[in-house]
Number of protein chains: 2
Amino acid sequence: MPPETDHSQPVTIACIQFEPKIGEVDANLDAIEIRVRQARANGAQLIVLPELADSGYVFDSAEELAQLAQPIPDGQSAQRLIALATELEVYIVSGLAEVAGATFYNSAMLCGPEGYIGTYRKMHLWYRENLFFEKGDLGLPVFATPLGKIGIAICYDGWFPETFRQLAMKGAEVICVPTNWVPMPDQDPQAEVMSNILHKAAAHSNGLFIACADRVGTERGQPFIGQSLIIDATGWPLAGPASREDDDILYATITPADVSTKRHLNEFNDILGDRRSDVYG
Amino acid sequence: MPPETDHSQPVTIACIQFEPKIGEVDANLDAIEIRVRQARANGAQLIVLPELADSGYVFDSAEELAQLAQPIPDGQSAQRLIALATELEVYIVSGLAEVAGATFYNSAMLCGPEGYIGTYRKMHLWYRENLFFEKGDLGLPVFATPLGKIGIAICYDGWFPETFRQLAMKGAEVICVPTNWVPMPDQDPQAEVMSNILHKAAAHSNGLFIACADRVGTERGQPFIGQSLIIDATGWPLAGPASREDDDILYATITPADVSTKRHLNEFNDILGDRRSDVYG
């Protein structure tokens, strides 16, 4: 067990940006292990990996997904991450392709020194994900850990302001975002990417720390945009954006309990307390 | 009456950025009239003015506000704007200090060629506004006009993602934002201001056109930040940001009905239809 901590203690977060290869689960887990060990050696206590980090993203068929997806926490991918987390005494959030019975989910698992902690299943499915996965049926859980209260959102979930609002209202302090961001229409190549804009706005509007770990590379013709980002609860970047094309590990040290002071904007305003629940629930 | 139009027709919006002077209602209305005539001459069909454009913002006392605030639509400020709108055959949204009985609201009025259309009262009050105004009690109305369906939000309302989400779900196509943005803590002077980030995210997440008219200048020690902005329903700027310090008029031509195509991201995704109302209402 790690030394006991609490959410008023600083936490060093790492976001690992890399290129999973479609179908190469063993090689992807090897790539993850190398980077998790490196991030831990550099002081990370909470490590975020991309969406579908074990399987890759662009499935040709449901049959292909079925060969790659595994149960959580009993499958090979989850077990290997749990073994790493317990050995290294570190918390890990990773996107994984999950099978549960005959149903497939685009999921993320949280594990730590104490082993398996919990799973989030992506609620908002993007584009052809709808052909392969079911929409998440676990709501938006918040996991109380010794580091702080952790929520998870995956990629297109971040297009829905309700995701972050619900997590904030349920007490989350840090949102881990495993993602596979793709280019958005009409993006000016010189401008900040919309995915970063959305998450900065979400962090600022909710007083949440947000750690986004994206992938890079082009898979079966689908490009991904990198630019992983760790955002302060004020909405300003703490680390990143990472590069558009290369492997990277971002680091930032935060204090989860700071969300309460950052949400208290002045003697009159508190950004959750000022909600007009009488009007919009 | 203007020639009949419908919301599939292009609409030219103007956002007027200027410096209202605290307490000088007549001079402020003169300044507004000059700029409204100019914007109309340049083709504007919908003109947005800043928050509290008739009164100024930093009140010393409730007594001072009581001397400045007027009923809507029967007071001098509203009547002068209505006369302008009918004469020029143009739609105008302006922030106004409103008194209703013994109650004060930080309001915005919409008027057009047909006269008075409606009022919105700011729902989320910022800082010392809480000393002078009551929170808005009219919800988030959407006004059906010949130009399109118009919603209104004022300044700090934009910090609440629910504002734009509710307006989008109620059918709004164009959100007019009279505002008096102030500097936010920890703003990097080289970075895009958070107010612009928030409204770009809101436009993108909801498929809404958003037209923000800010003020400039420093009033009784309170600086304002300008940088008015007109945003496409994709989230990308159509005009602006305007300067941080100077008068300006931004123009952009939009087609309100385009929101439905812009919300339909691909054959699987519609950004309002993809909401998980089963989870978050």
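Q: How many residue pairs are in polar contact between chain A and chain B?
A: This is a predicted model, in which local features need pLDDT of at least 70 and side-chain atom pairs count only at pLDDT 80 or more, while totals for chains, interfaces and linings use all residues. Residues are numbered from 1 along each chain as its sequence is written, chains are lettered from A and ligands numbered from 1 in the order in which they are written, and side-chain values use heavy atoms, with hydrogens and water left out. A polar contact is a pair of N or O atoms within 3.5 Å; within protein, one must be able to donate a hydrogen and the other to accept it, and residues adjacent in sequence count only if both atoms are side-chain atoms. Between chain A and chain B, with both residues at pLDDT 80 or more, the count of such residue pairs is 20.

Q: Which helix gives the largest share of the side of chain A that touches chain B?
A: Helices (H or I, at least four residues) and strands (E, at least two) are DSSP runs numbered from the N terminus. At least two residues of this side come from each of α4 (129–132), α5 (161–169), α6 (194–206) and α8 (277–280) of chain A. The largest share is seven residues, and it comes from α6(A).

Q: What is the area buried between chain A and chain B?
A: Contact (heavy atoms within 4.5 Å) involves 47 residues of chain A and 47 residues of chain B. Buried area is the accessible area (1.4 Å probe) that two parts lose on being put together, summed over both. Carbon and sulfur atoms give 66% of the buried area here, and the total is about 4,200 Å².

Q: Which residue of chain B meets Glu162(A) in a salt bridge?
A: A salt bridge is a side-chain nitrogen of Lys or Arg within 4 Å of a carboxyl oxygen of Asp or Glu. The rule finds four across the interface of chain A and chain B. In one of them, at 2.7 Å from N to O, the partner of Glu162(A) is Arg165(B).

Q: How far apart in sequence are the parts tied together by Glu51(A) and Lys122(A)?
A: The two residues form a salt bridge whose closest N and O atoms are 2.8 Å apart. Glu51(A) lies in the loop between β2 (46–48) and α2 (62–68), and Lys122(A) in the loop between β5 (115–121) and α4, so the parts of chain A that they tie together are apart by 71 residues.

Q: Which loop of chain A holds Pro241(A)?
A: The peptide bond from Gly240(A) to Pro241(A) is cis, with omega near 5°. Pro241(A) is placed in the loop between β13 (237–239) and β14 (248–254).
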